[in-house]
Structures are given as C-alpha cells and as structure tokens.
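My notes follow the display.

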Amino acid sequence: MMFHRARRTPLIAATLAALVGGTTAATVTTTAHAAASGCRVQYTIGSQWSGGFSATVAVTNLGDAVTGWTVRWSFTAGQAVTQAWNATTTQSGTAVTAVNAAWNGPLATGGSTSFGFNGSWNNTANPVPASFTLNGVTCTGATTSPTATTSPTASPTATPSSSTPQTPPARTVRVFWLKPTDVAYDQRYPDGIAGVMREAQSFFRQQLGKTFTLNSPVVEAVDGLHDTSWYINNNCDPNGDRYACVIFNMQGELQQRYGLSNPDSRWLFVAEVSAEEAGKSGGGGQPGWVLLSGHDADGAAGKTEPMPRWYGGMVHELGHAFGLPDATSTDGTCMSASFYSYPNCTFSQTQKNGILNGPYGSFLS
C-alpha cells in the first residue's frame, strides 16, 4: 500500500501581504443585553480590490468567561467569505458563522481575540454588517448584570451519558486520538484535533463546493492498550523509518479493536497517537487513512508551531486519504510543501477532479 510521508521541513510563516487596489476602513462596535454577558466587536476592512477584500474581526468578551466562542453576522450586499484564518468559518446564504480555533477559544472577562478573512464583493457596495452575536448574544458594547430568579423547588437530575461507544454513520470521516497507558488524559487533544478537522472541512468546501461529514463527537478518544515504549518499539526495524512503527502500531490496534479495514468502504479515518521517539516524528496518508504521531497531536493541541501549519498539514494528508499523490514541486498547491504557507495554498483543478472522482469522492456532499 502506497504511503505518503508527511514533510518535516521548517515552517515558513505566512504573512498577509498588502493587497493592491483601493483601501477602505470601517468599524462597528456593539455588546449584548443578557444575564452576565456582553461583548464588543470591531470589524475592519483593511484592503479592498476589484472583486475581493480582506477584513479583521476583533472580539472582546465583556461578560463571564467562556471556554469557546462562536461569532455570527449577516452580509447585506452579497459578500462571501472565501478564506479565513484564526477561526473556522461557514456561510449559508448571507449568514456567516465563525468558530474559535483550537488555541484561542477561552476568553476571560475583558479578554479579546481576533480573526481575519478574505472575501468577495460586488464592486458596488461593501457595507459593514449591522450587528454581531457572541455565543448567541447580540453585541451592543455594554454588559448587563444577572437577574435574580426563583429556583424551582425540585432540582433537575443529571442524566449520565452512556459509556457504550456508538457506531458512527457510514460515509463519515472518523477521527481517533489514541492515548498510551502512561500518558495523562488532556482535553486539549480531542478539542484541538477537532478544531483542525473543522478547519479542513471548511477548506474542502471552499475548494470543492462540497465537503466531508465529521462524526459526532468529532474525535473518539481511545485509551490505548500499551505504554508509549510499546508503540515506539513494537515490530520496529531499528534501521528503518522508526516513525512508521508508532503510526502502524496505532493503526493495527485500532483495526483490531474496532473491526476496521485498510482501506474501509464505510469510513475514512484520521488517527493520531500521543507517542513517538524523540526526533523521529512523522506520519502521512494513504487512501482511506491519515496516520499521525505525537508531534502532530501536540501541534493540534496548541503546544508547538502556529496553527496554520497544522491546518495545512491536515489538508495535505487528507488529500492523500482521498487519493491524491504528492505534487512534484512546491507549486502553490496544498499537495506540495506549499501547505506550510496555509491558508495560502489551494487544490489545482486536476487535484479537485482527483478527489471528486477518487475512491472517496462519494463521501463528499
């Protein structure tokens, strides 16, 4: 089975270049009237050119601390988000939803974050959205205090969740994080990997007009059967690519425990294991599978390089899982080393056709 190894060259930081054309700047400031809540949003159009523009959205939480955020607004003149960074964006008609990235979800009271995007417009009018919401609360620029309410006489009873894993729907992308027995559970890993997957899901939709479906919950956290040393050293040729021992030991365990095939017509898989030999990080993709070791898991959890590198890496490996080969040169496509410059990489038309007509093209909708 052909396996494409992930590239491990140094990250080239991507910067947003100044764009030619007229420049406009606009700001809207607002916060919410709700119990113990409030927010302020500043929307600034930084550059504007024929058919396109870039904007920054700065969000300040004036209410109680939150562990994650969703910002929503509606365009009024046919604008569309085409590419975003520091958030995962989706658009339905005029309505835009931006969800925090893996590393910028928590917002303390008074805490701020920002994200940016490129968009398209009609070359006639590009008005600032009239209002924004933060986690469902309309931003108006001020906070309101909680309103005292009378507690009901009977307190609600928490319903325990089932510990029995449910079989995910067929034709979904099924994502695993495998934790060896000597690795402590850390919620940043399933949350971070889920954020990377949502970003890749958004990118596929932008590029292809359709995208893959994720399971719910996105990440299946798996307690491994062995310690870190076992995944590193079991069935491993000391003179070979030792990074491959880790990822193929993980894959073998998942296949045995969950009855999975390689490839599998029911699901496409992304699997990450929190283990690797020092200096031997790696992973890659093959039709139906993305297999990644501890370096990528740490990155998704926000512990190492900036997130665009991990977004680009996942898009690249998913390209392999959907059947694409590596590009032969650094050509601006995400199947080349250009993925390190994400979001400044694309799929070529040939690559798009390869995904849509490939073995998992029917998974996209």
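I first needed a definition: two strands count as paired if DSSP finds at least two bridges between them. The model I am reading is predicted.

I applied this to strand 9 (residues 133-134) and strand 10, which pair in the antiparallel sense over two bridges. I looked for the residue facing Thr-133 and found Thr-138 in strand 10 opposite it.

Five strands form an open sheet in the order 6-7-4-9-10, with antiparallel pairing. I noted strand 6 (87-92) and strand 10 (137-138) as the edge strands, since each pairs on one side only.

I then moved to strand 15. Which strands pair with strand 15, and in which sense? I found that strand 13 (residues 267-273) pairs with strand 15 in the parallel sense over four bridges. Strand 14 (residues 283-286) also pairs with strand 15 over four bridges, but in the antiparallel sense.

Val-270 has Val-290 of strand 15 as its partner, and Gly-283 has Leu-292 of strand 15.

Last, I looked at the side chains of strand 15 (residues 289-292). Trp-289 and Leu-291 point one way, while Val-290 and Leu-292 point the other way. Are these residues buried or exposed? I found all of them buried. I wrote the general rule beside this: in a regular strand, side chains alternate between the two faces of the sheet.

Conventions: Residues are numbered from 1 along each chain as its sequence is written. This is a predicted model: local features need pLDDT of at least 70, side-chain atom pairs count only at pLDDT 80 or more; totals for chains, interfaces and linings use all residues. Side-chain values use heavy atoms; hydrogens and water are left out. Buried means under 20% relative accessible area, exposed over 50%, partly exposed in between (1.4 Å probe, protein chains only).
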